[in-house]
Amino acid sequence: MVDFSAARLNMVDSQVRTNDVTDVRVQDAMRVIPRESLIPPAKAYLAYADAEVEYAPGRWMLAPRDVAKLLHALAIQPGERALAIAAPYGAAVLEHAGLKVSRLDGEDLKTLPTGEFDVMICEGAVARAPESWTAALAPGGRLAVIERAGPVGKATLYARTETGLARREIFDATPRHLAGFEPEQGFAF
């Protein structure tokens with residue numbers, strides 16, 4: 001029998017804190033949220049491994065390190081309006097931290113709920129963040145997503161500023177692509 005409570009603490013101590021995630025709201029949430037409850041029971045033993053875990057056909061939760069680093073980069077604040085795109089664990093952490101979270105986990109991940117968001121997170125790789133996502137950022141809003149066009153992706157933070165949209169790469173990661181967000185294949189010499 002797996003001691004999930006001990007596994008959660010070990011995950012935070014060995015995969016989150018050691019990777020420069022110092023936001024105590026993120027750490028505190030990750031210490032208590034039962035990650036195993038978000039995946040099929042047959043895969044529960046993988047919940048706290050340093051790996052992606054399939055939670056639905058073709059959908060994968062990011063490895064704990066990667067989702068923690070994305071959440072840390074977002075500099076979340078209680079009361080902010082958040083959107084979690086194919087991100088069940090990210091949504092749970094945001095809710096625990098006091099954000100108002102909308103979830104988008106259906107077939108169409110490009111058509112967003114109406115309104116603007118202060119914080120957006122996606123737990124799958126995309127070739128490039130769709131314009132519909134960046135357009136939904138409120139002034140001062142932030143989007144954390146992993147953009148992957150080749151073997152290694154770049155976790156990317158977008159921010160809506162007074163002068164437009166800023167983009168910054170924050171770390172390397174290699175999650176699977178969300179269906180429909182793969183890079184376009186082309187021919188080149």
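**Note on the predicted model**

1. Glu 184 is exposed, its relative accessible area being 80%; here exposed means over 50% relative accessible area, buried means under 20%, and partly exposed lies in between (1.4 Å probe, protein chains only). Glu 184 sits in the segment that comes after strand S8 (164-173). Its C-alpha atom is 8.1 Å from that of Ala 127, although 57 residues separate Glu 184 and Ala 127 along the chain.

2. On the basis of the work: this is a predicted model, in which local features need pLDDT of at least 70 and side-chain atom pairs count only at pLDDT 80 or more, while totals for chains, interfaces and linings use all residues. Residues are numbered from 1 along each chain as its sequence is written, and side-chain values use heavy atoms, with hydrogens and water left out.

3. The protein contains five helices and eight strands, taken as DSSP runs (helices H or I, at least four residues; strands E, at least two) and numbered from the N terminus. Their order along the sequence is α-α-β-β-α-β-α-β-β-α-β-β-β.

4. The radius of gyration of the protein is 16 Å, which agrees with the value near 16 Å for a compact globule of 189 residues. This radius is taken over C-alpha atoms, and the globule rule is 2.2 Å times the number of residues to the power 0.38. Along the principal axes, the C-alpha trace spans about 50 × 45 × 30 Å.

5. Of the 189 residues, 47% are buried. Among contacts (heavy atoms within 4.5 Å) with a separation of 6 or more, 49% join residues 24 or more positions apart.

6. The largest nonpolar core has 61 residues, of which Met 30, Ile 85, Leu 94, Met 120, Ile 121 and Trp 133 touch the most other members. Strand S5 (residues 117-126) gives the most to this core, with six residues. Such a core is a set of buried Ala, Val, Leu, Ile, Met, Phe, Trp, Tyr and Cys residues joined through side-chain atoms within 4.5 Å.

7. Neighbours within four places in sequence aside, Leu 94 is in contact with Leu 71, Ile 76, Ala 82, Leu 99, Val 101, Val 119 and Ile 121.

8. Helix H4 (residues 88-96) is mostly covered, with seven of its nine residues buried. These are Pro 88, Tyr 89, Gly 90, Ala 91, Ala 92, Val 93 and Leu 94. Gly 98, which follows H4, has a positive phi, near 95°.
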